[in-house]
Amino acid sequence: MIRINMFSQADSVAGQGVGSAYKELMSLLRTHLINEFYVTNNKYGMSDLTHYHTINPTYYANSFSPARGRKIGYVHFLPETLEGSLQLPSSVKKVFYNYVIDFYKRMDQIVVVNPIFIDKLVKYGIRRENIKYIPNFVAKNEFYPKKQVEKNAFRHQIGIPLDRFVVFGDGQVQARKGVDDFVKMAKANPEVQFIWAGGFSFGKITDGYEHFKKMVDQPPKNLQFTGIIDRKKLVNYLNIANLFVLPSYDELFPMSVLEAFSCGTPVLLRDLDLYEAIISGYYLKGKDFAEMNAQLRQAVQDQALLNKYSNLSIKASEKYSENNLAKIWNDFYHEQYEIGQKLGQIH
């Protein structure tokens, strides 16, 4: 049996998509592929494959040990995608960004969650043949369409009338997520209930913290900031939402969109090139606030449009299902094991 050790602190900071992606993969390996791989977490013994999910300095140091076997790095971000997330002094930022790339270069194999990152990594000096695209996924037993009676019960629980249109978004409260436009939409559509689930995962070093803290503390009357919600409870919010809206300016492969798809919730996103390669055709889109707000206004008035995109969400969720990704990860790890054996990396 192939020994895989996962090095990760992805779930140490609440409200991050990286943590959700890590938990989904661990669950998949321990259910669908339990007879293929012996999987450990943060262990320092001998491994055939070591999969690094986060870039902690201690992990960089231990990557030099031959006990790690073949080293696999998971790329959830690049330096440029951190802009608008963290507020760091320029000198610290330069050192940190260089470290990020150095970490990726330490790996024998890179996995990206969006194919648009392949060319960018090549420009940083990583060999194209050492980069593999594997999309994120969510488990259907956690995110799924609920019965109408359950939806009604949850609306009653949180005090939202059954006939009120609900727009839901989630993610860290930061500039990169387009939270300003989400608030602007709420102000422009006072008859619609807006809900944003998420908070300040990085505290006061969040870029624009003071601005967003004031926004969260004094939202429009029709907008509720819930703070960070346990992932198991997100399914309830996604099911009562008539429309999921994520106005991010930059993303990789947001778990929140996959979770919305899996619940059959229609999705409205900012029109970004990086979405084209992975989910084109499954969502409503707008290039700026005006276009996104116009799409929202149309959705409020057109149930047929919502039905169409609800069906498309379900279709997209089948493409990025647990079953499909189990085969992809199984093939990938076996391939890496064979390469590691040929190169003498596995003992």
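V167 has L243 as its bridge partner in β10. The model is predicted. Strand β7 (residues 166-170) and strand β10 (residues 243-246) run parallel and are joined by 2 bridges. The points below cover the sheet, a pair of helices and a pocket.

**The sheet**
- Strands β7 and β10 sit side by side in an open sheet of 6 strands, whose order is β9-β8-β7-β10-β11-β12, with parallel pairing.
- At the edges are β9 (223-227) and β12 (284-286), each of which pairs on one side only.
- From one strand to the next, the twist averages 25°.
- Strands of a sheet are paired through backbone hydrogen bonds, in a parallel or an antiparallel way.
- Helix α9 (residues 255-262) lies across β7, β10 and β11 (267-270), and runs at about 170° to β10.

**Helices α5 and α8**
- The axes of helix α5 (residues 148-158) and helix α8 (residues 231-240) come within 9 Å and cross at roughly 100°.
- Angles of 65 to 115 degrees count as roughly perpendicular, and α5 and α8 are therefore roughly perpendicular to each other.
- On the α5 side the contact is made by K151, F154, R155 and I158, and on the α8 side by N236, Y237, N239 and I240.
- These contact residues of α5 and α8 divide into 4 nonpolar, 2 polar and 2 charged.

**The second largest pocket**
- The second largest pocket holds about 410 Å³ of space.
- It is lined by 23 residues, and those closest to its centre are Q148, K151, N239, A241 and N242.
- Helices α5, α8 and α12 (303-319) are the elements that each give two or more residues to this lining.
- The lining residues comprise 9 nonpolar, 9 polar and 5 charged.

Terms used:
Residues are numbered from 1 along each chain as its sequence is written. This is a predicted model: local features need pLDDT of at least 70, side-chain atom pairs count only at pLDDT 80 or more; totals for chains, interfaces and linings use all residues. Side-chain values use heavy atoms; hydrogens and water are left out. Axes are lines fitted to C-alpha atoms, for helices over the stretch in contact, and angles run from 0 to 180 degrees between N-to-C directions. Helices (H or I, at least four residues) and strands (E, at least two) are DSSP runs, numbered from the N terminus. Angles under 35 degrees count as roughly parallel, over 145 as roughly antiparallel, 65 to 115 as roughly perpendicular and the rest as oblique. Contact means heavy atoms within 4.5 Å. Ala, Val, Leu, Ile, Met, Phe, Trp, Tyr, Cys and Pro count as nonpolar, Asp, Glu, Lys and Arg as charged, and the others, Gly among them, as polar. On a 1 Å grid over the protein atoms alone, a cavity is a set of points where a 1.4 Å probe fits but cannot get out, and a pocket is an open set with protein on both sides within 12 Å along at least five of seven lines; lining residues have an atom within 4 Å of a point. Grid points are joined across faces, edges and corners, and a volume is the space filled by probe spheres set on the points. Two strands pair if DSSP finds at least two bridges between them.
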